[in-house]
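Here are some notes to read alongside the model, for someone opening it for the first time.

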Amino acid sequence: MTEMSQTVTAPTDAAARKARQDARLRKRHAAERRFRALGIASIIIALTFLGLLFTTIIGKGYTAFMQSHLTLEVYFDPAEIDPAGTRDPQALATANYIALARQSLQDLFPEATSRNDRRQMNALLSVGADLELRRMVEANPEIIGTTQRVVLPASADVDMVVKGHIGRDAVEGGRVSQQQLDWIAHLEAQDMLALQFNTRFFTAGDSREPELAGIKGAVMGSFYAMLVTVALSFPLGVATAIYLEEFAPKNRWTDLIEVNINNLAAVPSIVFGLLGLAVFLQFFNLPRSAPLVGGLVLTLMSLPTIIIASRAALKAVPPSIRQAATGLGASKLQVVLHHVLPLAMPGILTGTIIALAQALGETAPLLMIGMVAFVVDIPGGPFDPATALPVQIFLWADAPERAFVERTSAAIIVLLGFLAVMNIVAIILRKKFERRW
Amino acid sequence: MQLLPLVIALLVLTSIGYYLGRGRALTMAGGSSRNLHSLPGYYGFYVALWCGIPAFLVLAAWLAFEPTLVRALVMNSLPPSAQALPEGELRLLMNEVRQFAGGRSYGREPSEIVIAAAEYYTSLKTTGFAALIVFSLSLAVAGLAWGRKRIHQQLRARVSVERAVKVFLIISSTIAVFTTIGIVMSLLFESIRFFQAVPPMEFLFGLNWSPQTAIRADQVGSSGAFGAVPLFAGTLLISLIAMTVAVPVGLFSAIYMAEYAPSRVRAVVKPLLEVLAGIPTVVYGFFAALTVAPFLRDSGSVLGLSVASESALAAGLVMGIMIIPFISSLSDDVITSVPHSLRQGSYGLGATKSETIRQVVIPAALPGIVGGVLLAASRAIGETMIVVMAAGLAANLTANPFEAVTTVTVQIVTLLVGDQEFDSPKTLAAFALGLVLFCVTLVLNVVALHVVRKYREKYD
């Protein structure tokens, strides 16, 4: 109470003291406001990065869902396709189809006569036009000798010009010459060059040519790997959780298992890749680059997450349920399988889906077991060589062509889409079925 | 591979077993399950287990060992001249055989040895698979008959079935242990082989890293040096940058969310921050390489600094963003678990909210926060894709964040992606690096858990 008595004995100091106190209080309140502002600022920083990430990826990637196509009148010249006139499938398969498309371009631009001009003109068309025309002829050999209106993919450079990634004014030493730009402008004016929905992106495998590259091979690779992962990690994870939570005696062995699970959850993913390389590929000689091996490695990675989530879900079921079932004469296993497990299932499924979403986005361990190969064919099963969607993103991110930046971003959009769907399903499961006891 | 039809056939047989067993038990009991020891379904499961387990075990063993066996047999069938080839060439030859047998060309015209070996390979594969089909199916049928024959009224089917299920539960729970053993063994064995070629002291304390070993004896400049200190330094530098970004941002976000934010803001912001944790690292890597690194380089050159386009700063910054949610959600949990009585006591003494947080709440929550930071650090050290895509490849011993450095994980990836020969120290070095990485992250995790457990204040 010294302060009080001082105030009483020295009333002249009171004003100064009050001012000092006010000043200190203001300072303290200012510190309070600063502290609070720091909190808001950090949240804003984190969310800005999130926004920046999404806008960059979506801004760069959405254009890849449209692709430039040339609409050409192609004369299926019998002299070029099948000079012998036998319609022999062997001859049809090996004919030079791209020459047909090039001829129809030549008809459009008769002024391109020099070797250099013609090379530049041919570069407007994707090399994938060859396959496109061959498929048409093989599907229907009747069209040989007729003229058809055909939609063919334009080359990646043309695509970049149409989408505005390459300027309309030729740059010295650039990828597109002034001559080509003029042709592109002419074709666009004639409605012969336009953007269409890029179905090839969803139906084709990888390719060296950006305009022909698609994600189907990678998606199927991821799908098979995930199939293996689900088939193994779900039953094993749930079984482990049931054992540890419901049956295991408390002893050193059980402690060891628990410590192991907790530590495995924090082991870097690349170490799991090394394990896969040494055990599955070197020791068991399983095929390299196969989704089977990828699935096995991802199983080992996602098991700890699934076990931990399942144990939490089992623990949340109140003991009264178990006691009631036991009282009615159920055996221990019947109690667990008939009563506890169904009640814990929503929580277990939520945890499993989240673990699978993590596994789907995982890249590093798959690099170790050789799922980084350039695979054009779409894998037909878990034993075929394949890549996975995140690995495809990694591969395309390395490619130098400007057009691959767009593909990479689009593949990321697809991957994030899958992940978003999985997480939303998990949230809905949790919201809808979770019971609070 | 006609595996799927076989699996389906086995599954069909197993379910037939279920119905046969159930039916037989019921007929024996005169149609009333009251005369049986167990419920009829258990007799069904009893037969199904006898039918399915041996057959599927055989199938699993075949899947695991068939490739090794076929490979060894084909190797033995090769003429002595081919068998004398060095390991690497033999591996290539075997690949060619497999490719050729699979109907794919290998770029060059196959030699006669390859054609013969490929024929042998194909015949082995076909006969092996035919034998598997016959054996596993007959085993399933035999098991079915045996199980069905053993059924009688007093058979304690439920006890047997439950015992089998429990064995399955126990086996699954040991997988975590086996995974750890597998990791330790595979890393240790390859590392020991590596340390036979390169002394451990040189590896742990050497300052020079250039893993390109000479393929020919007369090659210049590729002697192969395996001093890993530049990699450790690079890993530390990048992790340090990441932590300087993530710790303040994560911690302050957690404090704001736990103490200040109205519940509506919290409901929106918390899931948004968790989205950051759900984004695959390859996406962060792409973002770092495509957006952040060029931005830093350009702004550096405006300021007159020379920033490498694969600077440690870019990788560290993006890694920091990735780690923010780990720190914020872990700290959020421990801050909210500090009891309210402590805060109210502090308010009662006249402290402002921020003073309470700084002097009461944070000290009380510190062990949990430190544990979270250590866990985040172990994640930063083990993170791979961001650094593979955004950090450098060349070993560079520097503390300058504007230069390109390389990390342990980047080197593991570069050493192992592409053609591998399993004998060269170059490949084995990756396993030694993996061992170091595994040990460091393990120690960090154990310490983190220990800190959390030991120094946690108990308030109840």
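Predicted model: local features only at pLDDT ≥ 70, side-chain atom pairs only at ≥ 80, totals over all residues.

**Notes on helices, chains and a sheet**

1. Helix α10 (residues 281-303) of chain B packs against α11(B) at an angle of about 135°, and the two axes are 9 Å apart. As for handedness, α10(B) and α11(B) make a right-handed crossing.

2. Who does the touching here? On the α10(B) side, the contact uses B:Thr281, B:Tyr284, B:Phe287, B:Ala288, B:Val292, B:Ala293 and B:Leu296. From α11(B) come B:Leu313, B:Ala314, B:Ala315, B:Leu317, B:Val318 and B:Met322. Sorted by class, the contact of α10(B) with α11(B) has twelve nonpolar residues, one polar and no charged.

3. Stay with α11(B), as it has another partner to look at. Helix α11 (residues 312-336) of chain B and helix α13 (residues 353-382) of chain B have axes that come within 9 Å and cross at roughly 150°. An angle over 145 counts as roughly antiparallel, which is why α11(B) and α13(B) get that label. Here too the handedness is assigned: α11(B) passes α13(B) in a right-handed crossing.

4. α11(B) brings B:Met319, B:Ile323, B:Phe326, B:Ile327, B:Leu330, B:Ser331, B:Val334 and B:Ile335 to the contact. Among the α13(B) residues that meet them are B:Val361, B:Ala365, B:Gly368, B:Ile369, B:Gly372 and B:Arg379. The class count for the contact of α11(B) with α13(B) is 14 nonpolar, three polar and one charged.

5. Now for another helix pair in chain B. Helix α2 (residues 40-77) of chain B packs with α6(B) at an angle of about 50°, their axes being 8 Å apart. α2(B) and α6(B) are therefore oblique to each other. The crossing of α2(B) and α6(B) is left-handed. In α2(B), look for B:Tyr42, B:Tyr43, B:Phe45, B:Tyr46 and B:Leu49; they meet B:Ala157, B:Arg158, B:Ser160, B:Val161 and B:Ala164 in α6(B). The contact of α2(B) with α6(B) splits into eight nonpolar residues, one polar and one charged.

6. How many residues does each chain put into the contact between chain A and chain B? Chain B gives 70 residues and chain A gives 70 residues. On the chain B side, helix α6 (residues 157-197) of chain B supplies the largest share, 19 residues. The side of chain B that touches chain A is made up of 44 nonpolar, 20 polar and six charged residues.

7. Over to chain A, which has a sheet to look at. Three strands form this open sheet of chain A in the order β2-β1-β3, with antiparallel pairing. Which strands sit at the edges? They are β2 (147-153) and β3 (193-197) of chain A, each of which pairs on one side only. From one strand to the next, the twist averages 40°.

8. Strand β1 (residues 66-75) of chain A runs antiparallel to β2(A) and is joined to it by seven bridges. Two places to check are A:Glu73, whose bridge partner in β2(A) is A:Arg149, and A:Leu72, which stands opposite A:Val150 in β2(A). β1(A) and β3(A) also pair in the antiparallel sense, over five bridges. There, A:His69 stands opposite A:Ala194 in β3(A).

9. Helix α7 (residues 128-139) of chain A lies across β1 and β2 of chain A, and α7(A) runs at about 140° to β2(A).

10. Last, the domain layout. Chain A is divided into domain 1 (2-62), domain 2 (65-203) and domain 3 (216-433). Taken over C-alpha atoms, the centres of domain 1 of chain A and domain 2 of chain A are separated by 66 Å. Chain B is divided into domain 1 (3-155) and domain 2 (225-455). The C-alpha centres of those chain B domains, domain 1 and domain 2, lie 47 Å apart.

Technical notes. Residues numbered from 1 in each chain as written. Chains lettered and ligands numbered in written order. Contact = placed C-beta atoms within 7 Å. Helix = DSSP H or I, 4+ residues; strand = E, 2+ residues; numbered from the N terminus. Nonpolar A, V, L, I, M, F, W, Y, C, P; charged D, E, K, R; others polar. Pairing = 2+ DSSP bridges. Axes fitted to C-alpha atoms, helices over the stretch in contact; angles between N-to-C directions. Domains from an automatic or database assignment. Parallel < 35°, antiparallel > 145°, perpendicular 65-115°, else oblique. Left-handed = near helix turned anticlockwise from the far one by under 90°.
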